[in-house]
Amino acid sequence: MPGNPQRTNPNKSDNAEQSVPAPFPLDPSLEVNLQVLSHRIGQSSDIVVRRFTNESLSSLELAFIYIDGLVNADVVNQGVLQPLLETVQLKSEFISATDAFQMIKTQILPIGGVKEGNTLEALLPMLFDGYTLILLEGLQVGMAADTSGWEKRSINEPTSQGVIRGPKEGFTESLRTGTSMLRRRLKTPDLRIEEYKIGQRTQTGVALVYLEGIASEQVLKEIRRRLNAINTDSILESNYIEEFIQDGGLTPFPTIQNTERPDAMAGGILEGQVGIIIDGTPFALLAPSTFFNFFQSSEDYYQRYDISSFLRLIRYSAFFVSMLLPALYIAVTTFHQEMLPTTLLISLAAQREGVPLPALAEALLMELTFDVLREAGVRMPRTIGPAISIVGALVLGQAAVQAGLVSAAMVIVVSFTAISNFVIPSLAIANSIRLIRFVMMFIAATLGLFGIMSFLMVLLIHMAGLRSFGVPYLSPVAPMVPRYLKDIFIRVPLWDMTMRPKTILGEETRRQGEHQQPKPQGEDPV
Amino acid sequence: MHNKEQVSTLQLSFMIMLFEIGSTPLFLLGGKAKQDSWLAMCTGSAAGLVLLMLLLWIQYRSQHNDLIGMLALHLGKIAGSAVGGMYSLYFAYQSMRNVRDLGELTALTMLPNSPMSVTMLIFVGIALYAIWKGTEVVFRLPEVLLPVVLSFYAVLVLLLGIMGSLDFNQLAPVLENGFKPIADAALPDIVSFPFGQMIVFLMLWSLWDKPGVPVKNTVAAYLLISIFLIFMNALNVAVLGPGIAGSSQLPFLKTVRTLSSLKFIERLDILVTIQLFIGLLIKMMLFYFCSVKAIAELTGKSAKWWVFPVGAVIYGASFLERDYTQHIAIGLGPSLKIDPVFQVAIPLLLAVSILLRSWFARSSS
């Protein structure tokens with residue numbers, strides 16, 4: 001079982017920013033141990049230390065330490081306190097501390113996870129994971145029983161990645177819930193879950209989830225190397241991990257996907273990606289990711305292939321519209337009026353007649369306004385939502401046109417751009433083109449269509465050189481692998497996807513039998 | 001995972017196709033042959049195929065070597081380096097012609113008021129960026145761009161077909177004045193542009209990620225694209241008639257403008273402009289790339305070291321010609337005289353040297 005929670009990087013402690021105290025080996029004296037412990041973790045109100053002495057009978061003396069709120073009180077009472085108090089042998093005069101320790105560990109505690117540790121540093125992380133520590137007088141070794149159980153949010157529908165048809169459950173903040181959801185979907189012994197503790201102060205659990213034999217060893221090695229190299233004191237959300245391990249440096253494009261959906265993650269893992277679940281956030285990561293991954297939604301596979309293919313194409317067009325439409329509007333109205341049909345040109349010119357601003361300023365004004373509205377929509381308290389919508393739609397849209405600040409065509413352009421942006425299933429790539437759009441607008445205002453084409457070409461060259469954990473960002477289009485194109489721009493029927501795509505670095509593996517197209521058996525009945 | 005300095009079969013084929021398309025369909029090659037210009041294209045293509053076979057044979061006989069290595073091997077170190085240097089200059093010159101083409105055409109169609117120095121600088125800059133990123137990136141571009149370009153052509157051809165402005169009777173009478181004018185138009189003009197430009201692939205075939213020479217794929221790509229170019233040539237004449245097609249500066253743009261009777265999409269110029277831009281960019285980039293590769297190999301420095309100097313030379317040289325008229329005049333005059341030397345004479349010399357060597361080797365043993 002590779003899931004050793006104590007896997008930490010040896011060189012991490014060397015240059016850690018805070019001073020790490022030297023490991024304290026447990027003292028035979030329980031009193032000393034408890035003193036050092038209380039010195040180390042302070043007198044916090046949630047820490048419960050309970051001592052048992054049996055003065056009348058034996059020298060056996062022990063103490064329980066646990067953190068209230070991290071443990072399940074029932075389990076502590078029934079699984080630890082009660083058996084210890086009720087076991088007759090422990091009250092015997094002749095029992096030694098060593099025997100008692102073994103007996104407690106092997107016979108008395110009705111708990112699955114019981115671990116040992118002989119330094120305070122080995123025991124403390126378990127304490128913070130909700131274990132109950134048991135220390136005995138006269139022994140230089142302590143015991144930790146898994147009694148963890150804290151308040152968790154229940155499993156809800158994902159809020160940012162909804163589907164019409166498909167599973168409605170999303171990851172929660174709990175790492176264990178996340179891994180269990182994947183186990184439920186992938187009931188194969190090949191599923192591997194490796195756990196890391198990252199962040200000196202947060203000790204956040206980070207789980208690497210993959211299928212042995214399908215995920216590429218090369219990619220796994222690289223991800224492990226980068227995870228181990230993280231030296232920070234806190235990991236509070238998956239973006240912390242994402243920024244520390246993702247390729248590209250200065251690139252506007254994301255090279256790691258994030259998802260709230262366990263089914264999407266299972267799909268990715270089945271195609272050779274590696275999942276990274278982070279404790280404390282429902283957003284898990286999938287890597288390596290290519291540009292085209294960001295246009296695939298798990299719902300594509302839950303609907304008929306023809307409608308899925310159509311929706312895919314809509315998404316790619318929406319991507320270009322969202323990136324280019326304001327820039328094209330600026331370029332055409334400023335430089336290339338002759339490209340418009342005459343009637344449209346006349347109507348546009350009539351609208352723009354009363355507008356005091358040049359096209360670029362007009363577009364910038366409206367785009368920035370929309371971004372303000374959007375940000376307000378995310379931050380504002382729910383109850384005043386409708387008010388903002390009315391102000392946004394009526395005042396900034398209709399009234400701005402009537403006041404002659406902007407032209408009606410510009411309002412259409414900006415609204416359509418904004419809506420197109422939401423068609424893209426991944427927020428990560430939708431956000432990256434929000435910024436590219438502004439650059440595009442400035443270029444369109446100075447160099448027209450030529451500038452737009454040049455900048456597109458620069459973006460293309462940039463993307464052609466980008467990699468995600470060694471996988472070319474534009475694969476399988478560039479470098480092209482024609483047989484992998486079945487699930488990129490369109491989605492072919494499931495029975496035709498015989499081979500696992502996208503595992504550019506891994507082995508190409510078969511995922512299902514051939515010739516599975518459903519046909520009536522025997523002769524045509526008609 | 002393959003090596004960074006290797007390209008796949010598909011990448012090579014796509015590059016050949018996009019490189020040969022370049023800006024060719026926008027012009028009417030062999031206009032001197034009037035309605036038989038498409039036959040001139042056929043002749044040029046056939047002659048080009050013979051030349052291509054010669055190049056492939058040379059490559060086959062000296063595998064693992066590119067042009068510079070072959071020259072050094074067959075002409076000796078000094079003479080080989082000198083000729084190699086000339087090739088590097090020749091590639092840079094061809095690249096510069098494309099830069100100037102784009103500068104002029106942008107000024108003509110898209111940005112009449114912007115200084116050409118800016119547009120050309122951007123153009124060279126894009127190519128520089130791609131070459132700086134390396135062989136791998138340069139050869140990935142056609143995989144994205146060729147489908148885009150071809151689909152634009154398909155849309156335009158389809159619309160021309162539906163709109164009914166196609167009149168293939170304009171291609172008659174075939175062979176009105178016999179074969180002579182066709183041969184005159186084809187040789188050497190059409191051979192040297194675009195078909196003879198396949199010479200650059202002597203620098204590139206050795207990058208193939210499999211052993212040997214990609215003969216089958218190269219020839220298939222070449223034939224496919226020849227058919228496409230011949231068809232486009234015939235299309236221009238069929239729409240515009242030999243008179244207008246022969247005399248206009250950008251006949252394909254005129255052809256597309258006949259579509260203006262479509263009410264909704266009145267101007268499809270933008271598609272033509274994009275085709276032009278991509279075609280010229282790839283062509284210019286590949287010449288630039290080969291120039292950098294040649295000089296890097298001659299000097300033993302890394303390609304990255306040479307990207308900027310060569311780019312600066314190409315950019316600077318694109319200002320040498322005074323105006324478009326001179327640019328065209330040089331292109332049709334001295335340039336056509338030089339081309340056969342680099343495209344035919346030196347490869348022939350190499351071939352003779354290879355034959356002599358193998359003959360001597362056989363007779364001595």
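Predicted model: local features only at pLDDT ≥ 70, side-chain atom pairs only at ≥ 80, totals over all residues.
Some ground rules first: residues count from 1 along each chain as its sequence is written, while chains are lettered from A and ligands numbered from 1 in the order in which they are written. Local features need pLDDT of at least 70, side-chain atom pairs count only at pLDDT 80 or more, totals for chains, interfaces and linings use all residues, and side-chain values use heavy atoms, with hydrogens and water left out.

**View 1. The domains of chain A.** Chain A is split into domain 1 (30–146), domain 2 (175–289) and domain 3 (313–471); such bounds come from an automatic or database domain assignment. Going by C-alpha atoms, the centres of domain 2 and domain 3 of chain A sit 34 Å apart. Their contact (heavy atoms within 4.5 Å) takes 18 residues from domain 2 of chain A and 13 residues from domain 3 of chain A.

**View 2. Where domain 2 of chain A touches domain 3 of chain A.** Together these two domains bury about 1,200 Å², 78% of it on carbon and sulfur atoms. Buried area here is the accessible area (1.4 Å probe) that two parts lose on being put together, summed over both. You'll find 4 residue pairs in polar contact across this interface, both residues at pLDDT 80 or more. A polar contact is a pair of N or O atoms within 3.5 Å; within protein, one must be able to donate a hydrogen and the other to accept it, and residues adjacent in sequence count only if both atoms are side-chain atoms. On the domain 2 side, helix α6 (residues 217–229) of chain A gives the largest share, 4 residues. Helices (H or I, at least four residues) and strands (E, at least two) are DSSP runs, numbered from the N terminus.

**View 3. Chain A meets chain B.** This contact brings in 30 residues from chain A and 35 residues from chain B, and about 2,800 Å² is buried between the chains. Look for the 1 salt bridge between them: the side chains of B:E136 and A:R467 meet at 3.1 Å, N to O. The rule asks for a side-chain nitrogen of Lys or Arg within 4 Å of a carboxyl oxygen of Asp or Glu. Helix α14 (residues 427–465) of chain A gives the most to the chain A side, with 13 residues.

**View 4. A loop glycine, A:G280.** A:G280 lies in the loop between β9 (274–278) and β10 (284–287) of chain A. At 41% relative accessibility, A:G280 is partly exposed, since buried means under 20% relative accessible area and exposed over 50%, with partly exposed in between (1.4 Å probe, protein chains only). Setting aside neighbours within four places in sequence, A:G280 is in contact with A:E173 and A:L236.
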